[in-house]
Amino acid sequence: MPRPDWLNLRPLDPLRSIKIKLGVLVVASVFVSTLFFILGLRAEVQFRYTFVATSLASLAVTLLLAHGMTSPLREMTAAARAMARGDYSRRVRDTSRDEVGQLASAFNRMASDLEQVDRHRRELVANVSHELRTPIAGLRALLENMVDGVQEPDKEHLAQALTQTERLGRLVADLLDLSRIDAGVVPLRVREFAVRPFLEAVLREAEALGHDVVFVVDVEPASLTAVADPERLHQVVTNLLANACRHSPPGGRVSLHAHQDEGAGSLRLEVQDQGPGIPREERTRVFERFIRGGEGAAVPYQGGGGRREGGGTGLGLAIARWAVSLHGGDIVVAESLYGCRIRVVLPAASREPS
């Protein structure tokens with residue numbers, strides 16, 4: 001129910017001091033009282049009626065002005081109660097220029113900070129859940145295959161399980177440091193490594209998850225090396241492959257290309273799927289947190305019809321963008337004749353060892 005307009009009146013807001021406002025309140029009350037008393041005398045109204053009318057008029061002026069002066073305090077009380085229930089979206093009107101108005105402005109800043117902290121906490125939980133899901137699923141699939149006798153518990157497979165376990169430990173150590181992640185100051189453990197073995201290792205982990213797609217890797221030149229943080233780059237490639245597999249049709253092809261730009265020296269990675277693609281108007285929003293692929297009509301591609309699945313947490317591409325930005329790189333949805341092509345470019349300057 002909307003409040004009456006007179007309840008929103010705050011005529012004393014331009015005054016810079018609460019003391020001046022109180023003085024104006026007293027002066028206005030005395031002025032109205034005197035005015036009504038003089039009018040009563042001139043009209044020869046009995047004193048008792050004049051006294052009652054003067055008192056009511058003075059009280060009305062005092063209530064009107066005092067209501068505007070204390071309005072921010074009532075709003076802060078209501079907002080504080082809402083915060084106690086977990087609602088940090090409430091704000092206080094801070095048009096007053098006195099001490100109460102300054103308090104209202106400080107309250108709004110505090111509410112904004114608390115809302116941001118609460119949002120970061122929720123995003124941290126979602127990030128942890130999302131990032132831990134892939135290695136846990138890979139480790140579980142590997143162990144189930146060993147238990148069922150599909151794979152032998154030999155040195156190679158046990159080494160894969162150990163690699164996944166070590167990656168879990170590193171992810172927990174990194175993702176639980178919320179302030180450093182949100183501030184973008186997570187240190188990069190930069191080193192030089194061969195690109196092809198790195199990508200093939202990531203593809204083997206993706207294949208272990210049982211995706212019904214065909215993976216193709218292309219590295220040019222074959223001896224291409226990169227200077228970056230392998231763990232962060234692993235996050236990027238893993239999330240891009242998971243996104244591509246989710247939107248590709250059964251038996252579809254997911255291609256992973258890597259090459260070095262001539263002249264610029266930047267490392268370029270591209271992941272191409274055979275799904276329905278991403279509409280042009282959504283290509284920037286897909287990297288925002290909690291943006292999920294919706295249901296949509298399939299876009300024809302070479303070799304058959306596509307599909308588009310919803311689902312996921314809506315964090316994979318956001319995490320990929322965060323990891324790329326740590327390297328000073330760029331990630332975009334590139335033009336493609338079919339499916340979706342996501343391109344990652346790591347500039348040569350950011351790939352120099354520190």
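This is a predicted model: local features need pLDDT of at least 70, side-chain atom pairs count only at pLDDT 80 or more; totals for chains, interfaces and linings use all residues.
## Overall make-up

The chain comprises 354 residues, of which buried residues make up 41%, and its secondary structure consists of 8 helices and 7 strands. When contacts between residues at least 6 apart in sequence are considered, 71% of them join residues that are at least 24 apart.

## The nonpolar core

In soluble globular proteins, nonpolar side chains tend to be buried together. In this model the largest nonpolar core has 43 residues, and Leu199, Leu240 and Leu241 are those with the most contacts inside it.

For Leu240, once residues up to four places away in sequence are set aside, the residues touched are Val271, Leu317, Ala320, Ile331, Ile342 and Val344.

## Helix H1

Just after H1, Glu44 adopts a positive phi of about 60 degrees.

The buried residues of H1 are Lys21, Leu25, Ala28, Ser29, Val32, Ser33 and Gly40, and what covers them includes helix H2, residues 47-84. An α-helix has 3.6 residues a turn, so residues three or four places apart point the same way.

Methods: Residues are numbered from 1 along each chain as its sequence is written. Side-chain values use heavy atoms; hydrogens and water are left out. A nonpolar core is a set of buried Ala, Val, Leu, Ile, Met, Phe, Trp, Tyr and Cys residues joined through side-chain atoms within 4.5 Å. Buried means under 20% relative accessible area, exposed over 50%, partly exposed in between (1.4 Å probe, protein chains only). Contact means heavy atoms within 4.5 Å. Helices (H or I, at least four residues) and strands (E, at least two) are DSSP runs, numbered from the N terminus.
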